[in-house]
Amino acid sequence: MEQTIKILIYIHAFFGGIGLITGIGSILVKKGSLLHKRMGKLFSIGMVTSSLISIPICWMPKHQNIFLFLIGLFTIYLVIAGNRVLTFKTKTKADTIDFIISGSMLFFSVVMIALGVYCQLMNIENGILFTFFGGFGLYMTIKDFQFYKNVSETNKKWLSKHIGKMIGALIASITAFIIAGIGIGNIMAWMAPSILGTIYIMYWNRKIAPKKPVLKSIN
């Protein structure tokens, strides 16, 4: 059994490495270019495959880790939702799949927050991480439903949402590399990529925001 788990971990790490490399590459090349799109596809395949493999590993003997299990689900949500939002370039109404994706993540975000509160009340180490990432998930899914409600008015925001979710998935990849690859497991190692990534997302949101017309004064 342990040998099987080890093989799965190696495969998980391999696809995670593909996701990390292509994810970084996709933010360095020109947005919307053919290379950006190809790297984005490889990033999506790498992250989803790596996360899917990590989910059963987190339930195997001597490897149980509910936090990594929930983060794996969070990463899958970010990648799938980040790609799904591209469909709003041409559609003006959310469909059942959109609601299932966001609704599922909403449920798991509430579970993470509840676990975080429990861990902090019981003084369990690093319990705040559940609350931290659960809060991120709750915020993002609430914003999803607000977007779905007013798609006809806000469909121009699809690019902002795509960037936010794909960068979020890249943050997960970088965090996993720091924790599992380098072996740094303190709270700052978990939180720093998310904080820096959020700043980067805010930068891009400002960059792509419609420019307000400049009113010339009449003398």
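Cys 58 is buried, at a relative accessible area of 4% (buried means under 20%, exposed over 50%, partly exposed in between, with a 1.4 Å probe and protein chains only). Cys 119 is buried too, at 8% relative accessibility. This is a predicted model, where local features need pLDDT of at least 70, side-chain atom pairs count only at pLDDT 80 or more, and totals for chains, interfaces and linings use all residues. Residues are numbered from 1 along each chain as its sequence is written, and side-chain values use heavy atoms, with hydrogens and water left out.

Cys 58 is in no disulfide, as the nearest cysteine sulfur, that of Cys 119, is 15 Å away.

## The second largest pocket

How much space lies in the second largest pocket? About 580 Å³. Among the 23 residues lining this pocket, Gly 32, His 36, Leu 86, His 162 and Met 166 are the closest to its centre. (On a 1 Å grid over the protein atoms alone, a pocket is an open set of points with protein on both sides within 12 Å along at least five of seven lines, and lining residues have an atom within 4 Å of a point.)

Helix 7 gives the most to this lining, with seven residues (helices are DSSP runs of H or I, at least four residues, numbered from the N terminus).

## A loop residue

Ile 124 sits in the loop between helix 4 (96-121) and helix 5 (128-149). Ile 124 is partly exposed, at 40% relative accessible area.

Conventions. Disulfide = S-S within 2.5 Å. Helix = DSSP H or I, 4+ residues; strand = E, 2+ residues; numbered from the N terminus. 1 Å grid on protein atoms, 1.4 Å probe; cavity = no way out; pocket = protein on both sides within 12 Å on 5 of 7 lines; lining within 4 Å. Points joined across faces, edges and corners; volume = space filled by probe spheres on them.
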